[in-house]
Amino acid sequence: MSYLTHLIQPLKQEEFLENNWTKKAIAISNKGEKDFTDLFSWEKLNYLLNFHQIKYPDVRLAFDGKVLEEKENRNFTQWCEKGATLILDQIHRRIPEVAIFTSKLSYELGYPTQVNAYCSWSSKKGFSPHYDTHDVFILQVEGNKQWYVYNDTFKYPLPNQKSSSFTPPEKEAYLSCILHPGDVLYIPRGHWHYAVTKEEPSIHLTLGIHSSTGVDLLEWLIGQLQYREEWRTSLALRIDDTSFNVSVENLIKDLKEYINNHNISEEYNNYLDGLAKPFEQYNLPYQAGFHIFHRDIDTKFKVSQFQRLKISKMADDDGYKILVSGKEVSIRGVPEYLVKNLFSRETFTGKDIINLLPDYDWEIDIMPMLSKLVNERVIFVESGL
């Protein structure tokens, strides 16, 4: 089952994508069949506050529609008692369970995700009506919360087009709902909303999906064109409109030729994959070159999780390029069936590779190849027995 499917159960994924994604908010009741306390809880909140030195604005307060200044964080328990909302940003970087969840979802959807936690205590509004510049899923963890969602007044806002620059809609909310633990609310970017806590303390997680837009594609294309001399050359002086117009037309012609001679969609897709940060980065002491083969041929390796990994043949047909986490790693002198087999499984041992490459020497051929993949963070050594 896909992670999006699990998130929006019992709503069918096909129905959600057709009727709601980027179009219309929807509240999805879990009917008591799931909860999100494995991701976050009051205990995990207290752990972060007690043992992590989280600074403003990653931890901040909102009260009566406004975000409070940094100095108020010194008294945030008193503000919480008054009804302020406590916001904790980037918990996907602080809690392993949330990190795994967002990594899986990012891998599936192909776009970055993030999770912030909101903890509130009374019927005071934390925020005034506003919209987000990315799509969000609200995951209700503890308590109950009343939500109001309004139509967009400016379709598909970009990150720099904040709701503070626009006037909220005057019409009534098209969706009013109360979320209970385990419920999910999807809100498309640009749709105005606000929430009010009911009688008891509430925790909800806001899962943000940062999809790319046509503007992002053009910005990437501008970056590609910067390496072409034609686009770095100054336009003709505007003393003569004819010369200026000719220089612009020449650039337009060059742009058309560039697009026709490149697989833009594939190149941009590869670029987005390269932006993805690996879920696992460190595997010491092995990445430093020590004790990689601590069990000799029985050493167990695992393929890096939740990363979009692409494999292509090298131009000279003598090896393969592995594109992962924004870098290319090449391995030479190996057959195609090894590469496909190696990255189609979650774990393997040195003995498995020997069985796949019976004509290759363990110390001369196989160990250097595996060492390189470990050092480049493409595969990881599993420690212990």
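A residue is called buried when its relative accessible area is under 20%, exposed when that area is over 50%, and partly exposed in between, with a 1.4 Å probe and protein chains only. By this criterion, buried residues account for 41% of the 385 residues in the chain.

The model is predicted, so local features need pLDDT of at least 70 and side-chain atom pairs count only at pLDDT 80 or more, whereas totals for chains, interfaces and linings use all residues. Residues are numbered from 1 along each chain as its sequence is written, and side-chain values use heavy atoms, with hydrogens and water left out.

**Overall layout**

Along its principal axes, the C-alpha trace spans about 75 × 70 × 45 Å. The chain exposes about 21700 Å², of which carbon and sulfur atoms supply 49%; accessible areas come from the Shrake-Rupley method with a 1.4 Å probe, and for residues only the protein chains shown count as cover. The secondary structure comprises 12 helices and 17 strands, where helices (H or I, at least four residues) and strands (E, at least two) are DSSP runs numbered from the N terminus.

The domains below come from an automatic or database domain assignment.

| Domain | Residues |
|---|---|
| domain 1 | 3-209 |
| domain 2 | 214-262 |
| domain 3 | 286-381 |

Between domain 1 and domain 3, the C-alpha centres lie 40 Å apart. Of the contacts (heavy atoms within 4.5 Å) between residues at least 6 apart in sequence, 75% join residues at least 24 apart.

Three strands make up an open sheet with the order 8-7-10 and antiparallel pairing, two strands being paired if DSSP finds at least two bridges between them. Strand 8 (175-179) and strand 10 (191-197) stand at the edges with a single partner strand each, so one side of each is left without a neighbour in the sheet. On average, neighbouring strands of this sheet are turned by 20° against each other, direction ignored; the axes are lines fitted to C-alpha atoms. Strand 7 (residues 145-152) is joined to strand 10 by six bridges, and Gln-146 has Val-196 in strand 10 as its bridge partner.

**The surroundings of Phe-36**

Phe-36 sits in the loop between strand 1 (26-28) and helix 3 (42-51), and counts as buried because its relative accessibility is 5%. Beyond its neighbours within four places in sequence, Phe-36 is in contact with Leu-7, Leu-139, Gln-140, Val-141, Gly-182, Asp-183 and Val-184. Leu-356, by contrast, is 320 residues from Phe-36 in sequence and 43 Å from it in space, C-alpha to C-alpha.

Note on methods: Axes are lines fitted to C-alpha atoms, for helices over the stretch in contact, and angles run from 0 to 180 degrees between N-to-C directions.
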